[in-house]
Amino acid sequence: MRKILSFILGSILALNLTISVANSAAKEVRVAYFLEWPSPNLEDMQKKNFAKALGVPVKWTNFTNGGAMTDAMLAGDIDISYSQGLVPFINAVKSKAPIKLVDIAMEYGMGGTTCVTSNASGITKANATELEGKKVAVPLGTMAEYVFDESMKVVGADRKKMDIIQMDPEEGAAALVSGDVVMACLFGGNSIKAATAVGTRLLTVQEARDAGILGIDITSVTTKFMKENPEMLRTFIEVTHEANDRYRAGKSDMNAMSKASEMKVGDMKETLSGFKFLTPAETKQSMTKGNLDAFLKGMGTPRGNVDTSFLPL
Amino acid sequence: MFTQFITILILVSIVGCILYGRRLIRTEKVDAVFGNPERAKGGTHWIIVGSSAILLIWLYYSWDIAKGFYPKSANELCQVAKVNESLLGLKYQFPIEEREFKSTSIIKIENKNLQIITKEIQSSPDLSSPQKTTLVGFINETRQLIPLLTNENLMETDTKIQIKEMTAEIRLLTSNFKKNDYPFETDEQKSERLRAVSEEGGWGITKVQSGTGSIENTIEVPLVPATNKGLKFDAAAKELEIINDKFFKLRNHNPQFKNSIKALKDKIKEYRGGLDDTQEVASTFAKNIVKIARRIEFASIYPPNALNEMQKAIVEFDNVQKSEQGGLRFVDMFLFPAGTIVSSGTSCSEQGSGRWLPKPSDTLNKFILMSKPSVGYKNIPLLWIDMMDVSKIIGFILPDWIADVLPGEYPIHTKDGVVEQNFKGRVLKVVTGDFKLFKIPVPYGHIWDSFLRVFLGLIFGILIGVPLGLFMGLNRFAKGFFDPLIELYRPVPPLAWAPLIISVLGIDNTGKVFLLFMVSLSIMIISARAGASGTQLSKIHAAHSLGASKKQILRYVIFPNSLPEILTGIRVAVGMCWGTLVAAEFLAGTTGIGFVENVAKKYFQYEVIWITIFIMGMLGLLFDVTLRKIIDKTIPWRGKG
């Protein structure tokens, strides 16, 4: 009896301690990113320039969705999430996660995230109300859901009357090919390629841009890391913006980027053509009173989770 | 209130049952030796202890006990967290929680980086030796920058004064903090604050967005300080925040350092400007050296003893704030296990086990809320009744081609635009269910859909698996023919099929039911086969000599004999089906418990996740209990053959 009791007490103590003592000093910086989602700073990742600039090793881990990035940040495994979607970030801060938005990774039109209707269904922008009562695949809780919502407003179809099926992009593309759904909303170059083989984009990239449908990917950071290593965070963002400058000047090493994002150079260039990498000044403008600000307000995001003080202005 | 009551009840019942159990052992006449199964019989009191322990652990690690007994503690801990958050950056500069000064560790890291780059330059084949000399010269100059920052004599008076000021501010705050009436709030401020507190509500309120039927995440720790103790910490946190910002704006740059770094930067810039495209390697090295120099420039490097006073002041404040917490520290330590309340600027949140393990009380509230058909999840109730016309069922059962094969044509509209119905048209209406009969209630909702999928998968598995299994147990051809097929697919985990299912069978119920069918089929075949081949030969011989036909032997000897095995197989299959179902509904879904869980995960709705887990556990248990009852009723000969 006494042995059992002491064992129970001991394990309770151990559990309590292990969880409260998380990471201590930043001897390395752990960054989350996406594959198939190219950005100029991946060249620096490939060439280990971040480690050189920050002075400590930088460990890059790839994720499949932004929600998982948040989970990893809360568990203390990730310090910075690069190119997390804005919708997962908003979901996270709505559930009071201690993370902060410090930079915009990129703004993109529907090039990278879009809804594709199957050609067999014959549904286009003109008769989009026919979507009502039919099945559509949407990865809920991601940027694609936002794009879906906004697109439906543009074409005048009622989301509530549709049969929305929760599907990740790869599965959504497969379901569109097999004809199970008439429309799939997706992100990621390979999935969109598979979907557009049997379908067409509901809104073209230009139409979406005109309608103000815009995706924003951001850089988020745990509050702890931000407080403890502000200079590292500043350097990280600075290197990223240097890479963006280099891309704008056309001096990026496309091979290194394609290797890092695991895409073919051609596909990557096509994806990149839909992205807009902002200058630090544009970023600040977007964060304080531009697109990002409007987006956050539109989604009813709690205020005070955006910090512009790390931008290299 | 409720939680308090439950907690006490649980504690009392655990203690009571343990005492009862110990007394029982003493009073009971024990003539059963160790190893005798009699010793494991009975023991309801241990069931109570077991389930109470689970509940207690849940209550404890979800911090529901803290919420029940100290409802204000989260709010107060939030204020403490604010202080900790403001102190985080400052503390990190000193060996308080770290092993060394931040200045020390930066100098160590940068010296190491300089060494690495020196080695790289010296071993680089792309550089000529004069280039190497120049670059190493730059490195040495960069290294010379550090002593300029760490030399106390070079430190500017202005910087010293600022550090002194900040130290004084922290000291003042420490002495004020001890006072009872700090932060000297006026009545007006107080009434304003209390109004904000009442508007904000308590710890962990749940709100339903009316109309949309969606449940928002509202595990909220109130932010505005509600108690005097909390207010103290809140005010101190604000002051510390200002000091913190001031400190990080301060740069320990003296004129010598500024001149040296400027000279170095200019030199490197000039050097890089002089290089042509073929000497890119040298240019990159030079650029990296500048980066290190810049890092040294912007890091907070101070002389070894310059911040001693400040460190003391911070440690002193830290001790004072800890002692001011008083009993709250113990509440934090003992009632907030595996985590605590964390502040993040504009909000406070539970981080640790309280985050992912929702409180039993919240979970119950949310479950009651979700059970309401008007709320449900994603506009579909968990389990409710819908009135459906019987005609729909008839339309589903009767095949549509009945109308097609009838002679004649379907009605065509006349020139007046009227459609006159004929016999063939009427038949079509019947077979497609397009008519009105009486309505019957039909269950629907997430739970029902999941249940139906498991049930159908199971039924198909039984209908095909049992005869096939019996056949295989009795016939050489069947055994030989089907064995390789079954044995090949049986060990494959059912989820391995999942990626194919969408492409082959689509996203509707067909695919999911098929997946479950695959699971149950192999189990049913194996168990029926084992049952059939396990029949005692003497029984078959007895029946045979009494003149029973093949059919009769199968019906009255072999089948009843294998029934226990089959029913055990069903029980196993049910468990496996539940396990697979969730994953199947993860794939693509609009309804079902697995779908609910998958979507809840995306929105960080931990309560909903736990609700689905409980529902699945309960349904699995229900299935199992029902089956056990059926087994006991239908085959009383089980275990006696």
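Reader: How far apart do the C-alpha centres of domain 1 and domain 3 of chain B lie?
Author: In this predicted model, those two centres are 64 Å apart.

Reader: And which residues belong to each domain of chain B?
Author: The domain assignment gives 2–61 for domain 1, 73–367 for domain 2, 385–441 for domain 3 and 447–634 for domain 4.

Reader: Turning to helix H19 of chain B, what span should its 29 residues have?
Author: At 1.5 Å a residue, helix H19 (residues 446–474) should span 42 Å, and this agrees with its end C-alpha atoms, which are 42 Å apart.

Reader: Where does H19(B) bend?
Author: The bend, of about 30°, is at B:Gly465. A proline, B:Pro467, follows within four residues.

Reader: Now chain A. What is the strand order in the open sheet?
Author: The six strands run E2-E1-E3-E10-E4-E11, and their pairing is mixed. Strands E2 (58–63) and E11 (275–276) stand at the edges with a single partner strand each, so one side of each has no neighbour in the sheet.

Reader: In which sense does E11(A) pair with strand E4 of chain A, parallel or antiparallel?
Author: The pairing with E4 (residues 99–108) is antiparallel, over two bridges. A:Glu107 has A:Lys276 of E11(A) as its bridge partner.

Reader: Which residues have the most contacts inside the largest nonpolar core?
Author: They are A:Ala137 and A:Ala184, in a core of 142 residues. A second, separate core has 50 residues, including B:Leu77 and B:Met166.

Reader: What is A:Ala137 in contact with, leaving aside neighbours within four places in sequence?
Author: Its contacts include A:Ile165, A:Met167, A:Leu176 and A:Ala184.

Conventions
Residues are numbered from 1 along each chain as its sequence is written. Chains are lettered from A and ligands numbered from 1 in the order in which they are written. This is a predicted model: local features need pLDDT of at least 70, side-chain atom pairs count only at pLDDT 80 or more; totals for chains, interfaces and linings use all residues. A nonpolar core is a set of buried Ala, Val, Leu, Ile, Met, Phe, Trp, Tyr and Cys residues joined through C-beta atoms within 7 Å. A residue is buried if 20 or more other C-beta atoms lie within 10 Å of its own, exposed if 12 or fewer, and partly exposed in between; C-beta atoms are placed from the backbone. Two residues are in contact if their C-beta atoms, placed from the backbone, lie within 7 Å. The expected span of a helix is 1.5 Å times one less than its number of residues. The bend at a residue is the angle between axes fitted to the seven residues ending there and the seven starting there. Domain bounds come from an automatic or database domain assignment. Two strands pair if DSSP finds at least two bridges between them.
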